[in-house]
Amino acid sequence: MRKRIPKILITGGAGFIGSAFVRLLLKGQSPAGTVPSIVIVDKLTYAGDLKRLEEAEGKFKFYKTDICNKTSIQSIFQKEKPDVVLHFAAESHVDRSIDDATPFIDTNIKGTQILLDASRKYKVSKFIHISTDEIYGEIPNGKFSENSPIKPNSPYAASKAAADLLVQTYIRTYKFPAIIIRPSNNYGPWQYPEKLIPLSVLKILLGLNIPVYGKGLNVREWLYVDDCVRGIMTIMHKGKIGQIYNLGSTCESKNIDTVKLLLKTLGVSQDRFEFVKDRLGHDIRYSLNSGKITKELGWKPNIKLAGGLKLTVDWSLKHQAWLRSKLGDINKLYNK
Ligand code: NAD
Ligand code: TDX
């Protein structure tokens, strides 16, 4: 008898990391080797774009749906009966959350609850929740472990912290089969140019300088998106139900150093940046101890920051039209 192909439902699959996950999954790059049947649920907000999935066209089923719409979500689960849910969908940009927290509270908290309830009702066997390192808050020295206290500092981080805690309560209360993943800052192809690295590339393409908040001393741990996706796949196949996994690269860099490395990679002058007004409540440093996934599941990142920026710049130069197509929205966001 032929084995049934597992069905995986991916929320936010038209976003930056979710689409990278779909592309690599379809290339057979999952540790399981088999390609599951894929259902994507995405509202296609400003951040969602099906262009990211053009190479995968015809290989997934797509629902343009808001995860906050309980009736639609329940009927999709009833129809599709997914085995695994991978929850990427979120409002993901800190600066937007400082302007207006409302969609963050709706999508990141209420939307997560609606998915958790549908997953319980239709008995999914695994729910992978994509959280973030930002829920821990900032750490001037040392590293966050999975047991560090949660102390978010932006409305985005608070909404993600609430979602992460909600998943933890479902694990405890209902023995719900979830796993939580907390990745560090991702970068790479198809990232929306509101985030530091693609915004910087776009600015240079436009002949403008890169805006560096404050004095550029804030540190981020940069994880190339394909490494992140491989980490998520590893956890999806080998991770233990009920566990939390940090997912970082160890590639820490001050923003000013990241920007200068990017300028070098782009082959333009080192002075093509300017210091601008700092972000409100700007976290000084994120840093993860990712020893648990490495020791227990054998994952480690392959790509260092210089190599990842080279890959990102090469991709960006070939996809300038896509980056430039987001310019109107970016101007609305930053030129208020
Ligand atoms: P993104 O903003 O690029 O994509 C988010 C996707 O979710 C988009 O396709 C959007 O249309 C969809 N979406 C938003 N609201 C929705 C709703 N109400 N219903 C259905 N779909 C909706 O985000 P990303 O950078 O790909 O991040 C994916 C996940 O990873 C998020 O949960 C984010 O918090 C987390 N994360 C991101 C990073 C990073 O550096 N990008 C780091 C750590 C964790
Ligand atoms: O124009 C800019 N200038 C600048 O100096 C922008 C957009 C950002 N920055 C700084 C702020 C941060 O210190 O660069 C750093 C990175 O900023 P973002 O790209 O906005 O990412 P960050 O705020 O660190 O959050 C990211 O990582 C964790 C993602 O956006 C989140 O979704 C993820 O959870």
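About 1,200 Å² of area is buried between domain 1 and domain 2, and carbon and sulfur atoms give 53% of it. Please keep in mind as you read that this is a predicted model. The briefing below starts with the two domains, moves to the contacts between them, and then visits the two ligands.

**How the chain is divided**
- Domain 1 is made of residues 7-187 and 223-247.
- Domain 2 is put together from three stretches of the protein chain, 196-220, 251-281 and 303-327.
- Taken over C-alpha atoms, the centres of the two domains are 26 Å apart.

**Where the domains touch**
- On the domain 1 side, 13 residues take part in the contact, and they meet 16 residues of domain 2.
- Three salt bridges are counted between domain 1 and domain 2.
- Asp95 and Arg279 form a salt bridge through their side chains, with an N to O distance of 2.8 Å.
- Six residue pairs are in polar contact between domain 1 and domain 2, with both residues of each pair at pLDDT 80 or more.
- Helix α3, residues 94-99, supplies the largest share of the domain 1 side that touches domain 2, namely three residues.

**Around ligand 1**
- Ligand 1 has 28 residues around it, and the nearest are Ile17, Asp42, Ser92, Tyr156 and Lys160.
- The side chain of Asp42 has an N or O atom 2.6 Å from an oxygen atom of ligand 1.

**Around ligand 2**
- Ligand 2 has 23 residues around it, with Thr132, Glu134, Tyr156, Arg279 and His282 coming nearest.
- Tyr156 places a side-chain N or O atom 2.5 Å from an oxygen atom of ligand 2.
- Arg279 has a polar side-chain atom 2.6 Å from an oxygen atom of ligand 2.
- For Arg220, the distance from a side-chain N or O atom to an oxygen atom of ligand 2 is 2.8 Å.

Note on methods:
Residues are numbered from 1 along each chain as its sequence is written. Chains are lettered from A and ligands numbered from 1 in the order in which they are written. This is a predicted model: local features need pLDDT of at least 70, side-chain atom pairs count only at pLDDT 80 or more; totals for chains, interfaces and linings use all residues. Side-chain values use heavy atoms; hydrogens and water are left out. Domain bounds come from an automatic or database domain assignment. Contact means heavy atoms within 4.5 Å. Buried area is the accessible area (1.4 Å probe) that two parts lose on being put together, summed over both. A salt bridge is a side-chain nitrogen of Lys or Arg within 4 Å of a carboxyl oxygen of Asp or Glu. A polar contact is a pair of N or O atoms within 3.5 Å; within protein, one must be able to donate a hydrogen and the other to accept it, and residues adjacent in sequence count only if both atoms are side-chain atoms. Helices (H or I, at least four residues) and strands (E, at least two) are DSSP runs, numbered from the N terminus. A residue is near a molecule or strand if one of its heavy atoms lies within 4 Å of it.
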